[in-house]
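I opened the notebook again today to look up a few places in this model. Here is what I went through, entry by entry.

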Amino acid sequence: MKSEKLTRRQAITATSAGIAGLMFGFPFRSFGIKNSSQVQKLAINGGDKIHKTAWPQWPYWDQSAEPGIIEMFRSGRWWRGNGEHVTEFEKRYAELMGAKRCLATASGTTALLTALNVLGVDAGDEVLVSPYTFIATYNVIFAHKALPIFVDSDPETFLIDPKKIEERITENSVAIIPVHIYGLPVDMDSVNTVARAHNLRVIEDACQAWLAEYRGKRVGSLGDLGCFSFQNSKHLASGEGGAILGNDEDLMDRCHAYHNCGRPYGNMKPVTGNQYNGLNYRMQQSQALILLSQMKRIEKDNDVRLANALYLSERLKEIPGIIPVKPASGATRAVYHMYPFRYVKEQFNNIPKEKFIRALNAEGIPCSGGYGKQNKEGLIEEQLGSRGFRRLFSEARLKRWREENQLPANDLLSEQAVTFYQSLLLGSRSDMDDIVNAITKIYENRNSLS
Ligand SMILES: *Cc1c(COP(=O)(O)O)cnc(C)c1O
C-alpha cells in the first residue's frame, strides 16, 4: 500500500505541475524528458514546422474612415493650413497621452529635428544618447552638427543605463535623448535627475512608445519634449507621420513656428517679414484622418500585445539560455513595439544567433536580430571625418571620442538580442504557445544544428 501513497514532496510536485498546466494550457513542457519534442525533427532540417498558419498582418485598415477621407480629398483642403483634421488630431493625441500640447509633424524624424532645434542643440554641442535604437535617433544629432555621445546600455532592460550617464557629460553637453526602445519605459526619474544637475535638456525618443507608462504617467511628456513616430510599422500608423508632446506653452509655440517655416505661433511676438528660422515639417490632412481612425484601436491592441508579452516572458524564462527583457525601475506599462529577449548561445551548444534565428523562422516564427552595434556604424566615421566636424571639434576631442566609444554592455546586448515584431503579439494564446514550443524544440534539438 505504501507505494500508492504519494510522499508530501511528490504530491507538491504533482499539484504544481497540474496547476501550471492548467494556467498555461501548454501542449508540452519537456526539458530533460525524453520522447517528447526531442523526437521531432527541426523544420530547418526537413521536419514539420510548429506554426503553420498566417500571423496577423499590419496595419489594419478601418473602412469607416473612408467617407471622411474622400470628402477631404474632394474638397481640396489637403494641407493643414486650410483644414481642421491635423488640429483635431493634435488635440485628441494630447488628451490621450496626458500632455498639455501636441504638435503633429511629417514624421518622427522631423519631430526630433524640431525638438532639437527648439531646445537649442547647435553645431559643436554634445548630445548624450542611447546606442540601442533606430538610426534616426542619432542621425538628427548629426544633422545639427552636434556630437552624439553614446551611453552604454543595460542589457537586462535594453535601455540606456542611467548609472553611466554622468561620466560621459562634458562642458559641451547640452541635451540627452533617452529612447523608450520597443515601447519599454526608461527610468525617467534617474535621467531627469542627472539632466537637472547638469543643466541638460531632455528629449524623449518615444517613437516606439505610444501609451507606455512610467510611474503611471504616459511617456513622452516626462522630459522637456517627447517625440513620436506614426510610420507604417508603428502601433499608430499613417504611412508617415510624427508628433511632439510638451507641457511648456512657449516651447510648443516655438516648435509650431519652427515646423511651419518660422511663422510665429501662439504667444510669440507677431512680426513683419521673416524673423524666425524654420522649415516645413507639416503633417498633411490625409495623415491626420488616418491617425484619427487608427486611434480607435490602439488601446485595445496594446492590451492584447501586453497580455501576450507577459505570457511569453513567463514561459520563455523557463528555457535555458533565453532571457526575457526586464522592466526598468519605475516602468509601469510597456507597449512592446517589438518583443525582445536575449539568446545566450553558450546554452544552445554555441549555435550562432543567426542560425538560431533561421531555425526559428523555419519553424514558422518570424523573428530578427534587433539593433546592431550602432555606435560603430560606418556613417559615424563619415560624419566625424567630414570637413564640418573637423572644423567644429578638435582632433583631441575626436580622438577621445573614439577611445571612449567602447560599449561592452551594448555590444553584448546587440550580440544576444532577438525580437518578434509587434503584430505577432496580436496573435492568439495558442500562437504564443507555438513560439514557446518552437524555441523549446530548438533547444532540445540544439545538437542537431551544429
Ligand atoms: C521610427 C523611429 C524614429 C523615426 O521615425 P520616422 O517616422 O520613421 O521618421 C525615430 N526613433 C525611433 C526609436 C523609431 O523607432
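**Entry 1: a serine in a helix**

I started with Ser 286, which sits in helix α8 (residues 285-316); helices are DSSP runs of H or I with at least four residues, strands are runs of E with at least two, and both are numbered from the N terminus. I kept in mind that this is a predicted model, where local features need pLDDT of at least 70 and side-chain atom pairs count only at pLDDT 80 or more, while totals for chains, interfaces and linings use all residues. Residues are numbered from 1 along each chain as its sequence is written, and side-chain values use heavy atoms, with hydrogens and water left out.

Is Ser 286 buried or exposed? Its relative accessibility is 16%, so Ser 286 counts as buried (buried is under 20% relative accessible area, exposed over 50%, partly exposed in between, with a 1.4 Å probe and protein chains only). Leaving aside residues up to four places away in sequence, I found Ser 286 touching Met 72 and Phe 73 (contact means heavy atoms within 4.5 Å).

**Entry 2: two helices crossing**

Next I looked up α9 (residues 353-362) and α14 (residues 429-444), whose axes come within 10 Å and cross at roughly 130 degrees. Axes here are lines fitted to C-alpha atoms, for helices over the stretch in contact, and angles run from 0 to 180 degrees between N-to-C directions. The two helices are therefore oblique to each other (under 35 degrees is roughly parallel, over 145 roughly antiparallel, 65 to 115 roughly perpendicular, the rest oblique). On the α9 side, I noted Phe 356, Ala 359 and Leu 360 making the contact, and on the α14 side Ala 438, Ile 439 and Ile 442. These contact residues divide into six nonpolar, no polar and no charged (Ala, Val, Leu, Ile, Met, Phe, Trp, Tyr, Cys and Pro count as nonpolar, Asp, Glu, Lys and Arg as charged, the others, Gly among them, as polar).

**Entry 3: rings**

I then counted 25 aromatic pairs (rings of Phe, Tyr and Trp, the last by its six-membered ring, with centres within 6.5 Å; planes under 30 degrees apart are stacked, over 60 edge-to-face, the rest tilted). Tyr 132 and Tyr 371 are edge-to-face, at 5.3 Å centre to centre and 85 degrees between the planes. Both of these tyrosines are buried.

Phe 348 and Phe 356 have ring centres 5.5 Å apart and planes at 75 degrees, so this pair is edge-to-face. Phe 356 is buried at 0% relative accessible area.
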